[in-house]
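Keep the structure open beside the text.

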Amino acid sequence: QSNNRTISMSATTQTPTASTVDGAALLANARGLYMTGIRDGKPEEAMATFIGDSYAQHSTGVPEGKAGFISFFAGDFLKRAKVRDIQIRKAFHEGNFCFVIAEQNINEGQSRWVTADLFRGDDNNQIVEHWDVIAAFEGKLPNGRTQVDGSSDVLDLDKTESNKALVKEMITNLLQEGGDTSNVAKYIAEEYLQHNRGVEDGRAAFEKLIKSDKKRVVLKVHKLIGQGNFVATLSHVTVEKEELAQVDLYRLENDKIVEHWEVAEPIPQGPQPNSGKF
């Protein structure tokens with residue numbers, strides 16, 4: 001990759017704005033959308049209950065708007081996915097955004113998915129925009145963990161801004177081209193826990209990865225939100241020549257990143273039936 005493809009986050013990243021949104025209520029609506037609209041197979045009821053006057057969609061293959069959601073989930077999806085078990089594994093909110101990681105078990109294990117979602121709310125706590133990234137659930141990883149287990153307790157609420165700043169600086173220096181990779185220990189704890197099959201635990205394994213030819217280069221961070229000890233990003237990344245939409249979730253303790261989750265999918269090419277991946 002060439003340096004001119006690296007994009008400064010300070011100029012391009014969308015972060016939550018101060019608003020009258022009740023974050024807990026917005027998060028409850030996001031859960032409701034999942035459970036009512038998808039698990040219970042009632043997309044019309046979900047749109048009427050949890051969605052605002054408009055609904056911008058960024059989920060691959062799902063058409064724009066309320067009607068697009070209904071047509072997708074009331075049609076062939078319900079015919080194919082007759083049994084739908086959905087568990088919310090991670091959840092937090094900041095400003096007018098909320099974030100979840102969901103585990104979906106379709107037809108009693110016929111297919112299993114991990115979905116990382118971001119939702120934007122209006123001043124009535126209704127959802128008006130949605131982004132997601134979906135990947136296959138891979139079961140137990142070599143380190144004994146999965147893509148969705150690990151800590152989920154939101155702590156250290158007074159450190160939201162400093163933790164977001166540390167993650168932002170880490171991405172700039174360690175994951176974007178032209179950064180300074182000499183001080184990995186400033187950002188990554190020695191006992192760094194990984195929920196990605198392709199990366200071993202520990203700071204040394206992380207450092208080895210970011211200095212390898214197969215590292216993931218972050219071209220642009222589109223979203224960055226956090227609450228307390230958790231920070232999530234939605235980014236456009238490349239691995240070798242593959243273009244991906246990727247959500248990363250970081251947990252921090254004592255001003256270091258101690259745990260990481262990742263969900264990535266190829267960016268769809270050509271015209272899309274909605275507002276595009278980002």
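Lining residues of a pocket are those with an atom within 4 Å of one of its grid points. Strands are DSSP runs of at least two residues, numbered from the N terminus. The model is predicted.

Five strands make up an open sheet, ordered 6-10-9-8-7, with mixed pairing. Strand 6 (188–194) and strand 7 (216–227) are the edges; each has a single partner strand, so one side of each lacks a neighbour in the sheet. On average, neighbouring strands here are turned by 25° against each other, direction ignored. In general, strands of a sheet pair through backbone hydrogen bonds, either parallel or antiparallel. Strand 6 pairs with strand 10 (residues 256–266) in the parallel sense, over three bridges. Within strand 10, Glu259 is the residue opposite Leu193.

A helix covers part of this sheet's story. Helix 6 (residues 160–175) packs on the sheet and touches strand 7, strand 8 (230–239), strand 9 (242–253) and strand 10. The direction of helix 6 makes about 180° with that of strand 7.

Now turn to strand 1 (residues 51–57). Is it enclosed or open? Five of its seven residues are buried, so strand 1 is largely enclosed by the rest of the structure. Buried here means under 20% relative accessible area. Strand 1 pairs with strand 5 (residues 127–136) in the parallel sense, again over three bridges. Gln57 has His130, in strand 5, as its bridge partner.

Pro268 lies in the segment after strand 10. Its relative accessibility is 23%, so Pro268 counts as partly exposed. Beyond its neighbours within four places in sequence, Pro268 is in contact with Thr60 and Lys277. Ala245 is 23 residues away from Pro268 in sequence, and their C-alpha atoms are 9.2 Å apart.

Next, the empty space. Rolling a probe the size of a water molecule over the atoms shows where it is left. The largest pocket holds about 540 Å³. It is lined by 29 residues, and Phe72, Phe73, Phe77, Gln104 and Ile134 are the closest to its centre. Which elements supply at least two lining residues each? They are helix 2 (23–39), strand 1, helix 4 (65–74), helix 5 (76–80), strand 3 (97–106), strand 4 (111–121) and strand 5. Strand 4 gives the largest share, five residues. By class, this lining has 15 nonpolar, nine polar and five charged residues.

The second largest pocket has a volume of about 200 Å³. Its lining includes Ala135, Ala136, His195, Arg216 and Glu262. Strand 5 and strand 10 are the elements that give two or more residues to this lining. Strand 10 gives the most, with three residues. The lining of the second largest pocket divides into five nonpolar, three polar and four charged residues.

Across the whole structure, a search finds three of 30 Å³ or more. The largest cavity has about 230 Å³ of space. Of its 21 lining residues, Leu175, Gln246, Asp248, His260 and Glu262 are the closest to its centre. Helix 6, strand 6, helix 7 (203–210), strand 7, strand 8, strand 9 and strand 10 each supply at least two residues of this lining. The lining of the largest cavity has eleven nonpolar, six polar and four charged residues.

Methods. Residues are numbered from 1 along each chain as its sequence is written. This is a predicted model: local features need pLDDT of at least 70, side-chain atom pairs count only at pLDDT 80 or more; totals for chains, interfaces and linings use all residues. Side-chain values use heavy atoms; hydrogens and water are left out. Two strands pair if DSSP finds at least two bridges between them. Helices (H or I, at least four residues) and strands (E, at least two) are DSSP runs, numbered from the N terminus. Axes are lines fitted to C-alpha atoms, for helices over the stretch in contact, and angles run from 0 to 180 degrees between N-to-C directions. Contact means heavy atoms within 4.5 Å. Buried means under 20% relative accessible area, exposed over 50%, partly exposed in between (1.4 Å probe, protein chains only). On a 1 Å grid over the protein atoms alone, a cavity is a set of points where a 1.4 Å probe fits but cannot get out, and a pocket is an open set with protein on both sides within 12 Å along at least five of seven lines; lining residues have an atom within 4 Å of a point. Grid points are joined across faces, edges and corners, and a volume is the space filled by probe spheres set on the points. Ala, Val, Leu, Ile, Met, Phe, Trp, Tyr, Cys and Pro count as nonpolar, Asp, Glu, Lys and Arg as charged, and the others, Gly among them, as polar.
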